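Reader: I have a chain open on my screen and would like to go through it. Can you start with the overall layout?

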Amino acid sequence: MTYTALEMDALKEIVNIGGGHAATSISQLVEKRVDMHVPEVAIRTYNELYQHLWQDDEEVYAVACPIKGEIDGIFLFIMTKKAADQMTCWLTGTDDALAEEIKISAMQELTNIVSNSFLNAITEFIGVNLYGVLPSTSLDYFGAIISSIYLAFDQYDEQVLCIRNEFTYEDQELDTSLFLVPGVGALETLFQSLGI
């Protein structure tokens, strides 16, 4: 798996634009200012993912939103249990303990809004028609989630392309990451649209 410096810079710019729109959507939804870190676009081994993000045996919520249109792939919004509780409280306007069904529904709605905001920004930027379909939520170990998603998109290499955004609220990290996992040929289509 190799990409030129120009291709990596182009991906970073696309993710920066999409992530900025996503952060704005979250801010409007929860009525609190949410910021985005500079996005990461890097080639990493699975072990590096587990070392730099979460341990492979840490339980996290994962909301998967498939991407359809001229390219395919998947958005994967991953958050710790604490972050999921915090964001659900913001969405529902209560600090009370919430039922699991309410939490999952809130996380799916949030991911649906974020992913479509991200895709709309990309569509406007490069003119490739993209849309998200209904997301699904699971609670599982980070390692199991990441490996199954990458394998589902034929990324069998020991190294994977890591495209992700992190979000913060009042300078506090939310323990969330938004991953973009491209399908086969998706990046080539993006690069062609950019004239690279």
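Author: Read along the sequence, the protein chain runs α-β-β-α-β-β-α-α-β-β-α-β-β-α. Helices (H or I, at least four residues) and strands (E, at least two) are DSSP runs, numbered from the N terminus. This is a predicted model, where local features need pLDDT of at least 70, side-chain atom pairs count only at pLDDT 80 or more, and totals for chains, interfaces and linings use all residues. Residues are numbered from 1 along each chain as its sequence is written, and side-chain values use heavy atoms, with hydrogens and water left out.

Reader: How many helices and strands does the protein chain have?

Author: There are 6 helices and 8 strands. The radius of gyration is 16 Å, close to the 16 Å that the globule rule gives for 196 residues, so the chain is as compact as a globular protein of that length. That radius is taken over C-alpha atoms, and the rule is 2.2 Å times the number of residues to the power 0.38. The C-alpha trace spans about 50 × 35 × 30 Å along its principal axes.

Reader: What share of the residues counts as buried?

Author: Of the 196 residues, 49% do. Buried means under 20% relative accessible area, exposed over 50%, and partly exposed in between (1.4 Å probe, protein chains only).

Reader: New topic. How many cavities of 30 Å³ or more are there?

Author: The count is 1. On a 1 Å grid over the protein atoms alone, a cavity is a set of points where a 1.4 Å probe fits but cannot get out, and lining residues have an atom within 4 Å of a point. The largest cavity has a volume of about 80 Å³. A volume here is the space filled by probe spheres set on the points, which are joined across faces, edges and corners.

Reader: Which element supplies the largest share of the lining?

Author: Helix 6 does, with 3 residues. Helix 4 (100-126), strand 8 (172-182) and helix 6 (186-193) each give at least two residues. Among the lining residues are Asp72, Gly73, Pro182 and Leu190. By class, the lining has 10 nonpolar, 1 polar and 1 charged residues. Here Ala, Val, Leu, Ile, Met, Phe, Trp, Tyr, Cys and Pro count as nonpolar, Asp, Glu, Lys and Arg as charged, and the others, Gly among them, as polar.

Reader: Where is phenylalanine 153?

Author: Phenylalanine 153 sits in the loop between helix 5 (142-152) and strand 7 (159-169). With 16% relative accessibility, phenylalanine 153 counts as buried. Leaving out residues up to four places away in sequence, phenylalanine 153 touches Asp72, Gly73, Ile74, Val181, Pro182, Gly183 and Val184. Asp72, Gly73 and Pro182 also belong to the cavity lining.

Reader: Which residues does leucine 194 contact beyond its neighbours within four places in sequence?

Author: Those are Ala10, Ile14, Phe125 and Ile126. Leucine 194 lies in the segment after helix 6, and at 30% relative accessibility it counts as partly exposed. The C-alpha atoms of leucine 194 and alanine 10 are separated by 8.2 Å, though the two are 184 residues apart along the chain.

Reader: What about isoleucine 17, what does it touch?

Author: Isoleucine 17 touches Ala121 and Phe125, not counting residues up to four places away in sequence. Isoleucine 17 is part of helix 1 (residues 5-30) and counts as partly exposed at 22% relative accessibility.

Conventions. On a 1 Å grid over the protein atoms alone, a cavity is a set of points where a 1.4 Å probe fits but cannot get out, and a pocket is an open set with protein on both sides within 12 Å along at least five of seven lines; lining residues have an atom within 4 Å of a point. Contact means heavy atoms within 4.5 Å.
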